Amino acid sequence: MSDNGTHFNETFFEGQEKPEIKVVSVYTPLVYVSILVISLMIFASKYRRSQVKKLAELPSIFDEHEARDLYFAIAELAETEQLHPKVVKAALLNRGAEAVRRTIKLREVAVQIEILYKNGSVDDKYWQRYQNEMKLVDLELKSCIEEAERLQPDWPQAFVNLCREICFNQALQRRYDSILDRKNIFQKLYQLKLDDNGKLIQ
Amino acid sequence: MGQSTGATPPVPITAKNKTMIQYDSNNKQLSIDNDSNTDRLTNLNQINKLTTALVPETNPNFQPQPNNETTNMVKNMFQSGMQQAQNKNIPDALRKVDLAVDMRNKARKPWEPFSFQLQELHMMLRNRTDLELVSQRNLDAWQDLEMLLNCGMVVPEVFIRLTDCLLKLNLVELARPYCERGLSLDPKNGPLLALFQACEKKMLEIEGDL
Amino acid sequence: MPQNYDYDEASTTWPFFVLTVLFVAVTPVTLIELYRLIVGDSSDKSSSSEWSQLHEKYTSEEVRKYRLANKKKRSKKGIYFITVGWVLISMLIYHIRSNDAIYQIAAAAFDPYELLGVTLSSTDKEIKSAYRKLSVKFHPDKLSKDLNEIERTAMEEQFVMINKAYKALTDEITKENYRKYGHPDGPQSTSHGIALPKFLVEGGTSPFVVFAYFILLAFVLPMVVSKWWSTSQEYTKHGIHSETASHFVDKMFNFKPSYVVVPDLIIKWISEAKEFQLKFPELSSVDIANIIHSHVNREKTENEYARNYVLTKSSLLFHQLIEIASTFRNTEVALMALDTYKTVVQATPLSPHSQIFQLPNVDKEHFLDSTTDDICALGKLFTYPDDKIGKMLGIKDETALNETLKVASRIPKLKLVKGSFKVRGSSLNTAEPGSTPHIQVKVLVRSPRHKLFPNSLIPAEKIAGDDPLLLEQDPFEKLLEQPLLPETFAPLLPTKRRTCWYALVVSQKDGKIIQTPSLAQRLSLENLDVNFDKRVIKDLDKEFNAEDWTIGTFSIPFAQPAPKEEGTYFFRVVIKSPDYFGSDLDFTVPLTVKNTPIETDPKKEILEELDSDDSGNEGEENTGYSSEDFDESDGDDLEEDSDFTDIDTDTEDEHEATEETTEKSSKTD
């Protein structure tokens with residue numbers, strides 16, 4: 001790189017290693033660093049925002065939340081039509097019961113989901129959905145209680161207890177109501193020939 | 001993450017479905033024209049049931065309490081069924097018990113204590129099962145028994161009946177596991193051991209090994 | 001400049017580098033292909049005896065083509081790879097051989113043994129004598145005078161080398177140097193170079209090399225990594241699309257006890273898999289479900305082109321669904337998924353007569369109309385004479401009938417000989433609290449045609465089989481001694497499959513599955529060849545020959561340690577075949593947890609245990625209870641919660657009213 005021939009008037013030492021001095025403004029490193037930092041920050045915030053958006057877009061691990069949707073539909077209907085005030089209350093109780101069911105359900109399957117996640121049967125996304133749901137279900141219950149307070153200021157205390165009982169009783173009723181279906185399906189599956197009295201024709 | 005999930009937003013489904021929900025101001029029941037989604041229908045029925053239960057409720061701060069009136073009503077109907085059973089009139093007994101169960105389903109308010117309701121249903125179903133078994137309605141008995149099992153009645157007696165009715169339906173491959181499960185609860189249970197032998201024999205017969 | 005790297009100017013290094021890389025890549029693939037060529041064919045041949053031919057015969061032209069195309073596709077890729085690889089290797093070897101520079105370098109290497117003309121095993125004496133001879137020959141003073149200058153120098157150099165070599169083998173220090181650095185003078189200068197041929201680096205090509213590096217590092221590498229990452233994210237560890245996995249988990253999660261599980265439901269879930277959406281975006285899940293249904297019913301479907309792919313893929317999907325359902329502890333779904341799996345493999349819908357209808361050539365309507373006796377099992381079928389069977393099944397052609405009977409008689413039935421919990425290294429039938437037991441299941445494979453014989457006829461040593469000395473052996477390693485199961489007779493399935501069994505373990509306390517299913521792929525089916533026709537055998541004791549029969553073993557790992565508290569715990573074991581109807585086994589195994597009494601001589605204990613085993617108290621079928629006396633101290637509170645998926649009943653456990661209603665049913669008969 002150094003090329004002695006073209007330079008004169010210099011000591012031997014300087015000639016050996018002549019540093020090429022370029023004047024650089026004090027701001028250059030600062031500008032460099034700030035550009036770097038700012039771009040990183042923009043990236044980070046964008047990334048985070050997109051992650052949050054993605055999380056929000058993740059579908060619930062529960063099936064459609066019919067109980068809640070119906071409640072909102074009915075509450076809206078109540079504004080335009082003359083509904084019996086207790087219809088809204090009934091819808092809210094149904095919503096609360098479903099919220100309780102979901103809370104119990106999530107707690108119940110915690111171990112299973114963790115096993116599935118750990119042995120690689122489900123991906124990070126599902127795990128994230130599950131974590132989301134844990135938070136959402138609490139919020140949902142809280143929001144039910146708020147609604148209950150709005151409908152009847154001294155209600156929340158009783159409301160939660162009612163929801164618990166309703167939740168279990170509804171499950172019991174659903175199971176009971178399925179008996180007829182089950183009978184028909186199993187009769188078909190096992191080709192059971194029954195007479196009018198439900199007796200097996202041998 | 002917090003801000004987006006914070007307020008559980010009213011889902012757009014409201015706007016769409018508002019028109020679908022119809023309200024009958026006479027009986028205060030809601031109905032929905034599209035019947036595609038069973039889950040939604042179930043929920044709507046649950047709401048209707050709650051409304052029906054709520055309307056006559058005068059105390060705004062009602063608590064989960066069993067309703068004595070209903071209890072007595074159901075009990076009377078059930079007991080008259082049992083009376084018929086003692087008179088060997090099984091079909092009538094079964095009809096009465098069926099009625100008692102239906103009565104329970106309709107009259108019980110959804111918030112009456114679950115443990116109480118479960119116990120009542122258990123008691124009636126157990127008796128209904130026995131009546132069904134006596135009158136050879138084995139499919140009905142099977143499903144009632146599975147319901148009992150599902151609701152936490154894990155006792156040898158249920159397994160005895162399950163094995164018995166499944167054997168009578170010629171479903172040994174289903175009967176045997178139930179029998180074995182019953183025996184796990186009570187390895188020395190006489191009826192179950194006998195039924196187990198019956199299962200084994202039936203298996204051999206079906207397999208042409210006898 | 002810190003350091004100067006030499007490029008491989010004489011092309012002496014890079015060919016070796018490339019050669020090594022090539023060998024590493026090509027050799028394993030070649031071996032695998034060779035193995036396939038030899039073993040793959042031979043296994044085909046061995047089973048091809050009749051079984052495979054039969055299978056082949058009933059396979060439709062279309063399915064056969066699909067299988068062949070699949071096979072070819074796979075083997076072709078391998079063959080191309082091998083061919084190109086070996087051509088490159090031979091070219092490289094030719095290049096190396098024709099490159100003198102390499103030889104020169106090789107010649108410069110120092111090998112004292114070669115210089116002295118001795119071998120590694122030569123003694124000091126031999127070395128010495130060899131050295132003497134050579135040094136006499138090459139000693140500068142003894143060289144003949146006619147040699148010219150060059151020859152003389154060479155000779156002199158040789159003499160120095162010989163001296164060095166001798167020293168290297170005798171002198172301690174030089175020996176040490178030679179051992180450590182490969183040279184008697186100590187460490188040699190090592191040169192680091194870049195194994196790139198010179199023509200790539202110098203002259204006009206260098207910008208291309210830089211460009212290539214740039215492309216490689218800036219684009220190809222990140223792309224490959226991100227592609228790998230995204231696919232590894234897209235598919236779960238078990239090979240199905242993660243969305244499919246999530247879908248199955250969703251289904252299990254939202255499962256309510258009020259739902260009824262039927263094959264249609266399982267097929268619906270399977271048909272909603274992401275795999276199908278990706279492959280056939282134009283088909284809805286209903287279309288896919290229709291394809292599966294029409295296969296099961298052996299009908300044509302409108303979307304025939306998708307059929308082979310859907311059926312091939314479904315096998316993996318079923319497997320995963322079964323696993324996920326088991327993780328969710330749902331016995332109902334797991335068992336129904338297995339049954340549905342069967343219906344797809346055999347293209348036979350689930351019905352009381354599935355066992356019969358899975359056979360080839362059967363005329364279903366004719367069968368249902370013609371029989372007055374209700375025949376649901378293959379075993380029952382074989383109680384009739386052959387021609388009667390033909391009449392019942394509506395098979396007129398004799399060869400067809402023979403083939404049908406052949407298939408029927410080769411569908412393995414399992415007979416439980418003994419099922420018990422074992423702890424490795426112990427011959428006891430009880431487990432210590434907290435120990436790790438596994439479930440050992442001894443089965444007799446038999447043909448539906450075989451006459452049944454009681455387990456008491458099987459010699460005890462065949463059942464026990466636990467040599468006290470081998471108790472320490474890994475029970476799962478021991479399974480490897482059994483042969484792999486043969487091909488399943490499933491001519492309508494587009495892929496050939498090996499028979500296997502799923503083993504599910506269910507806690508009898510709550511009726512729920514406690515672990516993911518284990519898969520058994522090894523079991524000897526040689527019993528099927530035994531001639532023991534139930535229509536021929538009259539005198540069981542006389543005609544029975546214990547030598548003919550082998551006892552198979554399933555070892556099922558137990559995912560949890562034995563309970564902490566003493567007592568007897570019951571587990572239902574379901575060994576279910578996804579391949580055939582009528583090959584399942586369902587039984588209960590007790591786990592007795594007991595602290596062993598104070599240490600006695602373990603060997604003596606083992607012997608005593610064996611003695612008592614031999615004395616034949618295992619004669620009757622081991623059903624888990626009946627004869628044995630269990631103490632009724634049920635340490636029941638082991639499992640955490642009596643959770644109900646939908647209904648929580650733990651508040652409610654009063655069964656006092658039970659007694660009054662007891663007894664009735666068993667007396668109603």
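This briefing describes the chains of a predicted model, topic by topic.

Residues are numbered from 1 along each chain as its sequence is written, while chains are lettered from A and ligands numbered from 1 in the order in which they are written. The model as a whole scores ipTM 0.87 and pTM 0.78.

**Confidence**

- Chain A has a mean pLDDT of 85, with 90% of its residues at 70 or more, and chain C has a mean of 80, with 79% of its residues reaching 70 or more.
- Within chain A, confidence is lowest in helix α1 (residues 12–16), where the mean is 49, and highest in α6(A), where the mean is 92.
- Residues 1–15 of chain A have a pLDDT below 50, and beyond near neighbours in sequence this stretch has 7 contacts in the model, a contact being a pair of residues whose C-beta atoms, placed from the backbone, lie within 7 Å.
- In chain C, the pLDDT is below 50 over residues 42–46, a stretch with 1 contact beyond near neighbours in sequence, and it also stays under 50 over residues 604–669, for which the model has 94 contacts beyond four places in sequence.
- Where pLDDT is low, the predicted coordinates should not be read in detail.

**Chain A: fold and dimensions**

- Chain A has 6 helices and 0 strands, where helices (H or I, at least four residues) and strands (E, at least two) are DSSP runs, numbered from the N terminus.
- The radius of gyration of chain A, taken over C-alpha atoms, is 35 Å, whereas a compact globule of 202 residues would have a value near 17 Å; the globule rule behind that figure is 2.2 Å times the number of residues to the power 0.38.
- The C-alpha trace of chain A spans about 125 × 55 × 30 Å along its principal axes.
- The domain assignment, which is automatic or from a database, divides chain A into domain 1 (21–57) and domain 2 (64–189), and the C-alpha centres of these two domains of chain A lie 45 Å apart.
- Of the 202 residues in chain A, 30% are buried; a residue is buried if 20 or more other C-beta atoms lie within 10 Å of its own, exposed if 12 or fewer, and partly exposed in between, with C-beta atoms placed from the backbone.
- Among contacts in chain A between residues at least 6 apart in sequence, 59% join residues at least 24 apart.

**Interface between chains A and B**

- In this interface, 58 residues of chain A are in contact with 53 residues of chain B.
- On the side of chain A that touches chain B, at least two residues each come from α2 (27–57), α3 (66–80), α4 (85–118), α5 (124–151) and α6 (156–189) of chain A, and the largest share, 18 residues, comes from α6(A).
- By class, that side of chain A has 28 nonpolar, 13 polar and 17 charged residues, with Ala, Val, Leu, Ile, Met, Phe, Trp, Tyr, Cys and Pro counted as nonpolar, Asp, Glu, Lys and Arg as charged, and the others, Gly among them, as polar.

**Chain B: positive phi in two loops**

- Most residues other than glycine have a negative phi.
- B:K28, which is not a glycine, has a positive phi near 60 degrees and lies in the loop between β1 (21–24) and β2 (29–32) of chain B; B:K28 counts as partly exposed because 17 other C-beta atoms lie within 10 Å.
- B:N170 likewise has a positive phi, of about 60 degrees, without being a glycine, and its place is in the loop between α8 (156–168) and α9 (172–185) of chain B; B:N170 is partly exposed, with 19 other C-beta atoms within 10 Å.

**Chain C: annotation and local detail**

- Chain C contains 26 helices and 11 strands, and buried residues make up 29% of its 669 residues.
- An unreviewed UniProt entry places the feature "transmembrane region" at residues 12–35, 78–96 and 208–229 of chain C; such positions are given in the numbering used here, feature names are shortened, and annotations may be inferred rather than shown by experiment.
- Residues 12–35 of chain C are 92% helix and 0% strand, with end C-alpha atoms 35 Å apart, while residues 208–229 of chain C are 100% helix and 0% strand, with end C-alpha atoms 29 Å apart.
- C:I127 is in helix α5 (residues 124–138) of chain C and counts as buried because it has 20 C-beta neighbours inside 10 Å.
- Leaving aside neighbours within four places in sequence, C:I127 is in contact with C:L116, C:V118, C:S122, C:L169 and C:T170.

Terms used
Predicted model: local features only at pLDDT ≥ 70, side-chain atom pairs only at ≥ 80, totals over all residues. Contact = placed C-beta atoms within 7 Å. pLDDT = per-residue confidence, 0-100.
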